[in-house]
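Subject: Structure handover

Hello,

Here is the structure I promised you. Please open it alongside these notes, which follow directly below.

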Amino acid sequence: MQPRNMSMSGVVDLAAVKAAQEAKAKAEQARAEAARQGGGAVSGVSPSSLVIDVDEAGFEREVLQRSSEVPVVIDFWAEWCEPCKQLSPLLEGLAREYNGRFVLAKIDVDANQMLMQQFGVQGIPAVFAVVAGQALPLFQGAAPVEQIRQTLDQLIQVGEERFGLTGVVVDPDAEDGEGGEQREAAVAEVPAGPYDALLEAAVQALDAGDLGGAVQAYRNVLNDDPGNTEAKLGLAQAELLQRVQDLDAQQVRKDAADRPADVAAQIAAADLDLVGGHVEDAFGRLIEAVRRTAGDERDAARVRLLELLEVVGSDDPRVSAARTQLARVLF
């Protein structure tokens with residue numbers, strides 16, 4: 001299979017990726033300008049959206065899908081829990097203080113037993129985070145505020161460096177509903193960014209089958225701008241094509257069929273599935289591998305799934321569905 005014959009058409013929309021990257025760049029500019037002006041208002045979401053009550057019915061929308069844009073910290077609590085009455089207001093205050101760097105989701109364990117079981121909560125208060133669909137335990141019980149700040153700082157750093165999550169911009173005067181949606185849409189209307197020439201060169205190299213050139217061009221952008229969404233997704237696409245260019249497709253599929261417990265075989269087949277446009281097959285194959293395995297093998301399947309989710313892009317409903325299925329398998 002030659003690189004120039006491969007096509008990701010229908011799998012990832014680079015124009016949409018570019019718009020998302022520019023929207024995030026605009027958000028960062030607005031956030032920096034607000035900081036220079038002493039925390040003045042900027043267009044964005046309302047402060048009330050930084051702390052939300054979540055139940056089982058809304059978990060996918062409010063937590064899993066939202067976590068592709070901003071880290072979501074989960075506070076498992078109950079009305080009868082005395083330590084919760086101390087920790088919850090502290091977390092709410094920090095959510096507002098961090099001004100959109102994370103969103104706090106409050107889950108009442110008495111009303112949401114299934115979520116409590118899925119996360120393996122042994123006692124409350126318990127605090128977890130979800131970043132790009134991945135659940136992370138943070139701490140259990142009451143904790144000093146400085147320790148919580150350090151944990152949040154580390155969480156935000158992971159979100160930015162690994163997934164390009166810059167958070168949301170908060171406008172103290174913003175209102176929820178249609179007006180807020182219009183303001184968020186307006187954020188995407190920004191001028192071309194400083195990396196357009198490099199990104200265009202990378203896309204042209206990708207289309208021409210020069211995978212090495214495309215990989216290097218995307219990496220050049222990421223060296224200067226690690227959170228550049230278009231470059232991250234483009235690099236994931238180019239690296240995927242590099243992985244499959246020398247594969248014997250027939251042999252890979254035979255190995256995957258003959259050895260369903262072989263994680264490496266399933267990973268290679270999933271790469272081929274995605275390049276061939278069989279998005280749901282690729283995701284389902286890796287989710288099943290995660291379900292069947294443990295330890296390093298499970299982590300390898302999980303990481304490759306997250307890489308393929310990056311290739312397709314968070315706006316695709318198949319990605320949201322796969323993140324939900326992955327969360328169910330893991331928890």
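Glu62 counts as buried, because its relative accessibility is 18% and the cut-off for buried is under 20%. Keep in mind that this is a predicted model. Glu62 sits in helix 2, residues 59–65. Its side chain has polar partners. One is the side chain of Arg61, at 3.3 Å. Another is the side chain of Arg66, at 2.4 Å. Beyond its neighbours within four places in sequence, Glu62 is in contact with Ile52 and Val54.

Next, the cysteines. The disulfide count is one. Cys81 and Cys84 form the bond, with their sulfur atoms 2.4 Å apart. The link is right-handed, with 80 degrees about the S-S bond. Both Cys81 and Cys84 are buried.

In soluble globular proteins, nonpolar side chains tend to be buried together. The largest nonpolar core here has 47 residues, and Tyr218, Leu274, Phe283 and Leu308 touch the most other members. The elements giving two or more residues to this core are helix 7 (196–207), helix 8 (211–224), helix 9 (229–244), helix 10, helix 11, helix 12, helix 13 (295–312) and helix 14 (317–330). Helix 11 gives the most, with eight residues.

Phe283 deserves a look of its own. Setting aside neighbours within four places in sequence, Phe283 is in contact with Leu274, Leu305, Leu308, Leu309, Val312, Arg318, Val319 and Ala322.

Last, helix 10. Which residues of helix 10 are buried? In this helix, residues 249–258, they are Val252, Asp255 and Ala256. They lie on the same side of helix 10, because they cover an arc of only 100 degrees around the axis. Gln250 and Ala257, on the other side of helix 10, are exposed. The cover over the buried residues includes helix 11 (263–275) and helix 12 (279–292). The N-terminal end of helix 10 is capped by Asp248. There, a side-chain oxygen of Asp248 lies 3.2 Å from the backbone nitrogen of Gln250.

Best wishes

Notes. Residues are numbered from 1 along each chain as its sequence is written. This is a predicted model: local features need pLDDT of at least 70, side-chain atom pairs count only at pLDDT 80 or more; totals for chains, interfaces and linings use all residues. Side-chain values use heavy atoms; hydrogens and water are left out. Buried means under 20% relative accessible area, exposed over 50%, partly exposed in between (1.4 Å probe, protein chains only). Helices (H or I, at least four residues) and strands (E, at least two) are DSSP runs, numbered from the N terminus. The arc is that of the directions from the helix axis to the C-beta atoms. Contact means heavy atoms within 4.5 Å. A polar contact is a pair of N or O atoms within 3.5 Å; within protein, one must be able to donate a hydrogen and the other to accept it, and residues adjacent in sequence count only if both atoms are side-chain atoms. A disulfide is a pair of cysteine sulfur atoms within 2.5 Å. A nonpolar core is a set of buried Ala, Val, Leu, Ile, Met, Phe, Trp, Tyr and Cys residues joined through side-chain atoms within 4.5 Å.
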